[in-house]
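Reader: I would like to learn how to read helix packing and a few backbone features in a model like this one. Could you walk me through it?

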Amino acid sequence: MGGAFLRRPSPAYRAAGRRALRVTIAAAAGFYVLLYGFDSAVGATYALFGAIAMAGLSHLPGSGRQRARLLLDVVPVCWVLITLGTYLSVRTWSAVVGMLVVGFALAFMAVGGPRFAGAATGLQLMYILPSFPPYDPGSLGERLAGATFGLVLLIIGEVTLFPEPAALPYSERAARAADGAARCADRLRSAPYALSEAMRRTARVLSTELRSSRVPEAERPAGAGVRPRALAHTGLATRTLLGRLAALPPPPTGAGPPGEAGTGAGAAAGDMGRDGRARASEVPEAGGGPDPLRAVADVATETAARLRDATPDVRAHARLLRVREALAAAEDASPAAQRRNAALLEVADAALAMSTAADIAVRGRAAAPPAPGRFWYARMRAPGLWWRRLSGHVGGRSVFFQNAVRISLALAAARLIAGIDTLPHGFWVLLATLTLTRTTVRETRRTERIALTGTLVGALVAAAVLALVGTDIEVYAVALPPLMLVTFTLGPVKGVGWAQALFTVVVALVFAQLAPATWQLAEFRLLDVLTGSAIGAVFGLMAWPRGAHDELRRSVAVLLRIAAEIVVATTAQIAAGGRRVPVVTAPGHRSLQHALVMAESAYAQYQSEPKGQVLPPVGQDWQAALIAGHHTLWGADRLLVPPEPVVVPPLGREPAESLIRAGDRVAAGMLLTSARMDPSGDTGETPVPLPIPTASATFADDPPGATRAYYATVSWLASLTTDLVRLAGDTDADTSPDTDHTDADADHTDGGPDTDHTDTDHTDADHTDGGADTGDTDGGADTHAYGDKH
């Protein structure tokens with residue numbers, strides 16, 4: 001039995017214990033110094049609850065130093081919130097209005113990324129605390145001083161107590177993936193013109209490491225600024241490049257790629273280092289043209305060096321641009337050669353997007369001016385970018401907006417009831433409303449049942465302690481720190497019931513030191529938690545009671561309908577030919593982009609909610625629907641937006657008819673799937689086979705006279721067909737190594753080849769810590785579909 005007691009605690013307990021120790025030291029030290037050293041009960045209260053709010057009931061992401069920097073940033077925000085709460089609390093109506101406005105603003109800030117979402121709950125509590133008696137604006141100085149003292153102690157603790165090792169930066173992850181892409185491109189230049197299984201596994205690992213679920217929250221580039229957007233864009237472009245290289249078809253039989261087949265230039269290039277590789281891409285080949293894969297490898301190596309703050313050979317990007325122009329101007333050849341050419345163009349586009357995004361990520365607005373459209377954010381200032389992000393989610397179809405409305409209305413109602421009924425310790429009512437409300441009625445009901453049970457147990461224990469100890473303050477002072485340590489260690493791991501039970505005893509010991517208390521204090525705590533949870537349940541029932549379930553189905557249905565329209569319009573324009581100009585985006589781009597943002601954010605929340613509903617089989621694979629949207633967005637821009645004005649001849653009769661038929665079939669599949677997903681429609685729920693042929697069956701025959709535009713469009717429609725087959729439930733559908741997941745990593749759904757994949761298939765949701773510690777009252781997900789309205 002001795003071995004059981006010596007067993008090493010699990011990582012969850014160790015992490016919670018380190019966090020609990022920092023919170024306990026900061027909160028207890030601030031409380032005791034101000035209460036017993038300076039005889040300031042007000043300052044002691046704010047020091048204790050300031051530390052608990054920002055570290056005990058919130059989840060700030062990152063290492064100790066990263067959290068300390070975030071806390072330094074929020075200290076002035078806490079001053080503003082405490083000041084507003086102090087002056088608005090004098091009258092009930094002003095306190096209610098303030099709670100409504102401030103509560104919405106703080107909850108809605110979750111669109112800014114995990115740092116903002118993590119701090120939102122703590123900031124809510126910093127505003128709630130001064131909104132209750134005593135209504136004494138004259139004590140504002142003590143309140144600010146106490147809160148500041150507690151936060152300063154917490155900042156010191158974050159830096160000095162059990163500092164976590166620094167996580168691998170996202171830029172280094174992207175640089176390693178770019179190096180891997182360079183090795184893949186080099187390997188594809190020689191027979192057998194395919195990646196080995198080991199290289200494919202390595203490429204998948206490198207790509208997976210860029211998914212948001214594998215990146216620590218503090219390292220995720222989810223901000224609204226130019227550099228975070230560009231860094232996320234770089235990661236998505238690199239993932240796309242790896243997938244395109246893995247799926248690159250071999251050259252036609254008997255015609256090796258330029259620079260390969262054992263030519264002297266190609267063989268020499270394969271043994272050269274980075275500088276030699278950069279020069280090799282311009283070596284004339286047997287066919288008289290440059291080597292596309294060599295140029296892609298150069299750009300990937302240059303991108304990795306730039307991300308590591310090295311001084312790269314900046315000529316590689318320009319060389320790849322020239323190579324791409326040569327590929328686009330290549331004369332028509334055999335169908336196999338044209339398919340290879342179309343695939344090489346996709347590889348080159350992905351590499352160019354990766355290189356441009358990395359340059360912006362490192363240099364910001366000082367980077368070389370990019371082409372319009374794909375990098376629309378490169379020259380914008382922070383206020384404009386934030387406005388786009390916020391305005392993109394203002395509306396009833398955004399789950400971020402829904403969550404903010406739900407929690408702000410619940411908090412305002414709780415403040416109104418507490419003010420009218422003059423509930424003792426009304427602060428606890430709002431605290432319960434904030435921390436126990438979830439995004440679905442089902443989960444709110446389950447959470448509140450467990451929380452009330454825990455609160456009842458805690459109230460009984462607290463009442464017994466208060467009755468036995470009486471007014472012996474020394475006992476409470478000695479017992480408080482170890483109890484806080486146990487509370488903040490067990491609460492996050494054992495669940496909301498344990499958290500509520502232990503926290504009830506903690507607040508009883510705190511208030512017993514501030515003023516004489518009887519066993520009735522525990523009764524008030526139970527009554528307030530019951531009131532707060534009831535208010536949360538009512539507003540959870542009234543405001544979007546099913547959470548993201550219906551919203552996800554609705555947003556995906558809208559996404560597929562818009563995508564179907566774009567497919568039909570694009571294939572018709574390709575068939576008809578005509579003048580093409582370098583506009584910012586293709587027709588329909590903005591509508592589809594916004595639909596993607598809404599679908600991804602709804603999917604991110606859906607992943608964090610319990611799956612209590614049974615969906616039709618066609619609605620199960622949400623990632624395939626998001627991938628189809630990204631493929632549609634990217635393909636339409638690529639096919640219809642040239643780098644410079646050009647007149648495209650119309651396709652011949654047979655190629656045009658074949659292309660339009662294929663586009664119509666893909667669009668029909670999208671529309672049928674959309675109708676079955678939409679919860680507001682009257683389409684039956686019984687699954688029926690969708691008439692979606694496989695890509696190989698759809699595009700098996702090559703019509704005579706087909707041009708490069710035909711094969712480029714066919715390649716695009718084939719990827720959409722594969723997505724629809726997967727969406728219809730065919731798990732054997734052929735997908736590239738990096739197209740079986742979605743990555744709502746960021747809001748950069750801007751039409752470039754880097755947006756083919758989203759990553760919302762994993763979450764870090766946490767419903768068991770007794771608090772809405774990620775700012776959306778439901779734990780949130782690890783994905784960041786923080787989109788913008790264009």
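This is a predicted model: local features need pLDDT of at least 70, side-chain atom pairs count only at pLDDT 80 or more; totals for chains, interfaces and linings use all residues.

Reader: Are H5 and H17 roughly parallel or antiparallel to each other?

Author: Two packed helices are described by the angle between their axes and the distance between the axes. Here helix H5 (residues 92–108) packs with helix H17 (residues 399–420) at an angle of about 155 degrees, and their axes are 8 Å apart. Angles over 145 degrees count as roughly antiparallel, so H5 and H17 are roughly antiparallel to each other. Their crossing is right-handed.

Reader: Which residues of H5 and H17 make the contact?

Author: On the H5 side they include Ala 95, Met 99, Gly 103 and Phe 104, and on the H17 side they include Phe 401, Ala 404, Ser 408 and Arg 415. By class, the residues of this contact of H5 with H17 divide into 16 nonpolar, four polar and one charged.

Reader: How do H26 and H28 lie, roughly parallel or antiparallel to each other?

Author: Start with the angle again. The axes of helix H26 (residues 653–677) and helix H28 (residues 708–727) cross at roughly 25 degrees and come within 10 Å. Angles under 35 degrees count as roughly parallel, and H26 and H28 are therefore roughly parallel to each other. The crossing of H26 and H28 is left-handed. Among the residues in contact are Leu 659, Ala 662, Val 666 and Met 670 of H26, with Val 714, Leu 717, Leu 720 and Leu 724 of H28. The contact of H26 with H28 divides into 12 nonpolar, six polar and no charged residues.

Reader: Within what distance do the axes of H18 and H21 come?

Author: The axes of helix H18 (residues 427–436) and helix H21 (residues 496–514) come within 14 Å, crossing at roughly 160 degrees. H18 and H21 are therefore roughly antiparallel to each other, and their crossing is right-handed. Trp 428, Leu 431, Thr 435 and Leu 436 of H18 meet Val 496, Gln 500, Phe 503, Val 507 and Phe 511 of H21. In the contact of H18 with H21 there are seven nonpolar, two polar and no charged residues.

Reader: Which residues does the UniProt annotation "transmembrane region" cover?

Author: The annotation comes from an unreviewed UniProt entry, and its ranges include residues 44–63, 93–111 and 500–519. Over residues 44–63 the chain is 65% helix and 0% strand, with the end C-alpha atoms 28 Å apart. Over residues 500–519 the chain is 75% helix and 0% strand, and the end C-alpha atoms are 18 Å apart.

Reader: Which peptide bond is cis?

Author: For this feature, look at omega. The bond from Ala 191 to Pro 192 is cis, with omega near 10 degrees. Pro 192 sits in the loop between helix H8 (170–187) and helix H9 (197–208). Phi is also worth a look: for Asp 39 it is near 55 degrees, a positive value in a residue other than glycine. Asp 39 is found in the loop between helix H2 (11–37) and helix H3 (41–56).

Reader: Where does pLDDT stay under 50?

Author: Begin with the chain as a whole, which averages a pLDDT of 76, with 77% of the residues scoring at least 70. Over residues 611–619 the pLDDT stays under 50, and the model has 19 contacts beyond four places in sequence for them. Over residues 730–790 the pLDDT is also below 50, and this stretch has 257 contacts in the model beyond near neighbours in sequence.

Technical notes
Residues are numbered from 1 along each chain as its sequence is written. Side-chain values use heavy atoms; hydrogens and water are left out. Axes are lines fitted to C-alpha atoms, for helices over the stretch in contact, and angles run from 0 to 180 degrees between N-to-C directions. Helices (H or I, at least four residues) and strands (E, at least two) are DSSP runs, numbered from the N terminus. Angles under 35 degrees count as roughly parallel, over 145 as roughly antiparallel, 65 to 115 as roughly perpendicular and the rest as oblique. A crossing is left-handed if the near helix is turned anticlockwise from the far one by less than a right angle, and right-handed if clockwise. Contact means heavy atoms within 4.5 Å. Ala, Val, Leu, Ile, Met, Phe, Trp, Tyr, Cys and Pro count as nonpolar, Asp, Glu, Lys and Arg as charged, and the others, Gly among them, as polar. UniProt positions are given in the numbering used here, feature names are shortened, and annotations may be inferred rather than shown by experiment. pLDDT is the predictor's confidence in each residue, from 0 to 100.
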